[in-house]
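User: Hi! I have a model open on my screen and would like to talk through how it is put together. Could you help me read it?

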Amino acid sequence: MSTSAERSWTVRLRKRAVAALPPEKLLPDGQPTYVASWIYVFGVLSLSALAALIMTGSILALKGPSWWHFSSTGHFFNSLHLWSVELFFFFMVIHLWGKYWMAAWRGGRVRVWITGAVTFLVAVPCALTGYVSQQNFDSQWISTQAKDAMNSVGIGSFFNLMNFGQMYSYHVFLLPLAVTGLVIAHILLVRRHGVVPPFELEDRLKAARAGATDGASS
Amino acid sequence: MAAIFNLNHHAGYVHWHFIDLSVPNVLVIVIMLVVFAAAILIPFPKPTGSGGA
């Protein structure tokens with residue numbers, strides 16, 4: 001390859017991306033046998049619920065409040081959106097519990113754990129801004145209560161819960177963008193580092209690696 | 001069509017010291033704990049056929 005091509009930022013970026021995540025790691029054709037457990041299913045269930053959330057939310061955003069309040073199809077999609085978020089948090093919290101008790105940050109997986117935990121923290125205001133974006137008495141009640149919480153901690157001038165436009169922008173653009181970006185980073189990191197092995201297997205792997213190193217050095 | 005559950009009233013609440021939770025939220029938390037325990041305890045089905053990973 002010529003020197004000018006090697007200096008190109010696209011070539012350097014491609015080389016770094018392929019080195020960090022080769023195609024066989026990015027799209028593997030198998031998983032370790034220890035992944036054959038129901039507790040490993042909740043990550044992909046959370047992803048499925050997130051996909052349903054984005055699809056139904058996009059349709060609601062296209063049609064608007066008069067549609068989701070006053071037509072039967074709008075009610076149906078409004079309910080799909082609500083139950084998608086219920087399932088998203090249901091599955092995500094069980095996924096979080098499972099990974100916490102597995103200590104899923106082991107083996108250089110700290111960034112996998114952090115991106116997952118931050119996704120959960122960002123998803124909470126993403127859902128709460130949805131409550132105040134409903135355009136009904138329920139959202140008015142919630143926003144008047146929540147603004148007191150914001151004011152009491154001194155951030156009421158940044159987040160005005162009574163400002164529908166601001167809350168709607170947070171709900172349909174800024175926070176979903178953050179959640180989606182974090183989820184993509186989380187998945188890429190899982191692909192890079194692999195699914196965390198059980199404790200006893202990790203101990204055996206460490207012992208095997210130590211044995212191999214000793215054998216090579218002697 | 002009548003709803004299976006009549007939700008057109010205030011939810012009941014569970015008070016215990018400083019803990020104050022609506023009954024629906026308590027139910028969801030209990031179901032999550034049950035599903036979590038089941039996910040650990042119930043064996044995952046083994047792949048059928050010889051080509052399983």
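Predicted model: local features only at pLDDT ≥ 70, side-chain atom pairs only at ≥ 80, totals over all residues.

User: Let's start with α7 and α9 of chain A. At what angle do their axes cross?

Analyst: Helix α7 of chain A covers residues 110–131 and helix α9 of chain A covers residues 164–193. Their axes cross at roughly 160 degrees and come within 9 Å. Because of that angle, α7(A) is roughly antiparallel to α9(A).

User: And which hand does the crossing of α7(A) and α9(A) have, left or right?

Analyst: The crossing of α7(A) and α9(A) is left-handed. As for the residues of that contact, 17 are nonpolar, eight are polar and one is charged.

User: Can we zoom in on α9? Where does Ile187(A) sit?

Analyst: Ile187(A) belongs to helix α9 of chain A.

User: Why is Ile187(A) called partly exposed?

Analyst: It comes down to a neighbour count. Ile187(A) has 17 other C-beta atoms within 10 Å, so Ile187(A) counts as partly exposed.

User: OK, on to α6. How do α6(A) and α7(A) lie relative to each other, parallel or antiparallel?

Analyst: The axes of α6(A) and α7(A) cross at roughly 160 degrees and come within 11 Å. The two helices are therefore roughly antiparallel to each other. The crossing of α6(A) and α7(A) is left-handed.

User: Which residues meet there?

Analyst: From α6(A) there are Val85(A), Met92(A), Leu96(A) and Lys99(A), and they meet Gly116(A), Phe120(A), Ala127(A) and Gly130(A) of α7(A). By class, the contact of α6(A) with α7(A) has five nonpolar residues, two polar ones and one charged one.

User: What about the partner on the other end of my list, α4(A) with α6(A)? How do their axes cross?

Analyst: Helix α4 of chain A, residues 42–63, has an axis that comes within 8 Å of the axis of α6(A), and the two cross at roughly 155 degrees. An angle over 145 degrees counts as roughly antiparallel, and α4(A) and α6(A) are therefore roughly antiparallel to each other. Their crossing is left-handed. The contact of α4(A) with α6(A) has 16 nonpolar, ten polar and one charged residues.

User: Let's step back. How many helices and strands does chain A have?

Analyst: Chain A has ten helices and zero strands. Its C-alpha trace spans about 75 × 50 × 40 Å along the principal axes. The radius of gyration of chain A is 23 Å, while a compact globule of 218 residues would have one near 17 Å. Of the 218 residues in chain A, 20% are buried.

User: How much of the contact set in chain A links residues 24 or more positions apart?

Analyst: Among contacts in chain A with a separation of 6 or more, 73% join residues 24 or more positions apart.

User: Last one: how many residues does each chain bring to the contact between them?

Analyst: Chain A brings eleven residues and chain B brings eight. On the chain A side, helix α6, residues 72–101, gives the most, with four residues. The chain A side that touches chain B divides into eight nonpolar, three polar and no charged residues.

Methods: Residues numbered from 1 in each chain as written. Chains lettered and ligands numbered in written order. Axes fitted to C-alpha atoms, helices over the stretch in contact; angles between N-to-C directions. Parallel < 35°, antiparallel > 145°, perpendicular 65-115°, else oblique. Left-handed = near helix turned anticlockwise from the far one by under 90°. Nonpolar A, V, L, I, M, F, W, Y, C, P; charged D, E, K, R; others polar. Contact = placed C-beta atoms within 7 Å. Rg over C-alpha atoms; globule rule 2.2 N^0.38 Å. Buried ≥ 20, exposed ≤ 12 C-beta atoms within 10 Å, placed from the backbone.
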